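Please look over the structure shown below with the following briefing at hand.

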Amino acid sequence: MSKKLLAVLICLGLIFISSIVIVVIRANQPAGQMVEIIQDGATLYTFDLSKAKNQTIRIDTPDSGYNVVTIQDGTIFMSEANCPDLICVHTGVLRSENVPIVCLPHKVIIHFVDGEGIA
Amino acid sequence: MSTKKLTELALLTAVALIIFVVELRIPPLVPIAGVKLGLANIITVYAVFRYKPNETAMVVTARLLLGAMFSGTIVSLLYSASGAFLCLVGMLSLRNIIPKNWIWLCSITGAIFHNIGQIIMAVILMKTTAVLANLPILMISGCIAGAFTGLCAQLLLNRLERRNPS
């Protein structure tokens, strides 16, 4: 086994292991409750999920797209959208910092932010 | 370029495209934006080791353009192009370092580069760094998907080498 091959192996191993470590650490952190909804780089809403009332928020995009965000009993999820892949809807409830709800075609992101406002 | 070479490359492009279109029909295994098996990568890995870099780039470019037409979303072309470009750079740089029976490593590197390229594009297009939170998950999924497609490419290369050694 050549030295270069070994270097590649070690690099890949480090990336893999450090990613797992980050994911596990983040998953075990007490989740913040501040949620931010961003569309096309602009923050539309920031609110405390545990205090938010049950409601639906409709987000329209300029090219006649829409996403419907539902807040229900302290959870938030994308309940409806007319994007082609519907990955945002299938992602389900926002659970951790590891997996933000992302709708790539409509440029919508729903994610947890830290209390200090550092995303 | 000889007619034989042209035919081979065209055939590879067609196979990659078929795999790509079939994969579009499979519901995503993990419903997270950016996580995908990327089966068409098998052909790219194969091409990287069988053909010259510029020939591989031609196959990938043709597959990208035609794939975007079949999937019907032009925005996704930006994501897949940035991913595929970085993926190709990563794999070509490893081409001469990696011995014949370690090809799956090359595929993992390609997958990681691909996901990095996509997330850079996502940061640019969505104008926010919030998508970077996805990066660790994408790295893990890239390693797993890359290992899978890499092993497929490895088996393919081993078999074809045995049939018609180049």
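In this predicted model, the axes of H2(B) and H5(B) come within 10 Å and cross at roughly 120°. The two helices are therefore oblique to each other, and H2(B) passes H5(B) in a right-handed crossing.

**Helix H2 of chain B and its surroundings**

- On the side of H2(B), the contact with H5(B) is made by B:Asn41, B:Val45 and B:Phe49, while H5(B) contributes B:Ile103, B:Cys106, B:Ser107, B:Gly110 and B:Ala111.
- Sorted by class, the residues of this contact between H2(B) and H5(B) comprise five nonpolar and three polar ones, with no charged residues.
- Helix H2 of chain B, which spans residues 41-50, is mostly covered, since eight of its 10 residues are buried.
- The buried residues of H2(B) are B:Asn41, B:Ile42, B:Ile43, B:Thr44, B:Val45, B:Tyr46, B:Ala47 and B:Val48.
- These buried residues of H2(B) pack against several other helices of chain B, namely H1 (3-25), H3 (53-71), H4 (75-94), H5 (103-126) and H6.

**Where chain A meets chain B**

- The contact between the chains takes 29 residues from chain A and 31 residues from chain B.
- On the side of chain A that touches chain B, H1, helix H2 (87-91) and strand S7 (108-113) of chain A each supply at least two residues, and the largest share, 11 residues, comes from H1(A).
- By class, that side of chain A has 19 nonpolar, six polar and four charged residues.
- The crossing of H1(A) and H6(B) is left-handed, and the contact involves A:Ile15, A:Phe16, A:Ser19, A:Ile20, A:Ile22 and A:Val23 of H1(A) together with B:Pro136, B:Ile137, B:Met139, B:Ile140 and B:Cys143 of H6(B).
- The residues of the contact of H1(A) with H6(B) divide into 10 nonpolar, one polar and no charged.

**A three-stranded sheet in chain A**

- Three strands of chain A form an open sheet in the order S3-S4-S5, and their pairing is antiparallel.
- Strand S3 (55-60) and strand S5 (75-81) of chain A stand at the edges with a single partner strand each, so one side of each is left without a neighbour in the sheet.
- From one strand to the next, the twist of this sheet averages 25°.
- The antiparallel pairing of S3(A) with strand S4 of chain A (residues 66-72) runs over six bridges, and A:Arg58 stands opposite A:Val68 in S4(A).

- Leaving aside residues up to four places away in sequence, B:Thr13 touches B:Val59, B:Ala62 and B:Arg63.
- B:Thr13 and B:His114 lie 101 residues apart along the chain, and their C-alpha atoms are separated by 19 Å.

Note on methods
Residues are numbered from 1 along each chain as its sequence is written. Chains are lettered from A and ligands numbered from 1 in the order in which they are written. This is a predicted model: local features need pLDDT of at least 70, side-chain atom pairs count only at pLDDT 80 or more; totals for chains, interfaces and linings use all residues. A crossing is left-handed if the near helix is turned anticlockwise from the far one by less than a right angle, and right-handed if clockwise. Helices (H or I, at least four residues) and strands (E, at least two) are DSSP runs, numbered from the N terminus. Two residues are in contact if their C-beta atoms, placed from the backbone, lie within 7 Å. Ala, Val, Leu, Ile, Met, Phe, Trp, Tyr, Cys and Pro count as nonpolar, Asp, Glu, Lys and Arg as charged, and the others, Gly among them, as polar. A residue is buried if 20 or more other C-beta atoms lie within 10 Å of its own, exposed if 12 or fewer, and partly exposed in between; C-beta atoms are placed from the backbone. Two strands pair if DSSP finds at least two bridges between them. Axes are lines fitted to C-alpha atoms, for helices over the stretch in contact, and angles run from 0 to 180 degrees between N-to-C directions. Angles under 35 degrees count as roughly parallel, over 145 as roughly antiparallel, 65 to 115 as roughly perpendicular and the rest as oblique.
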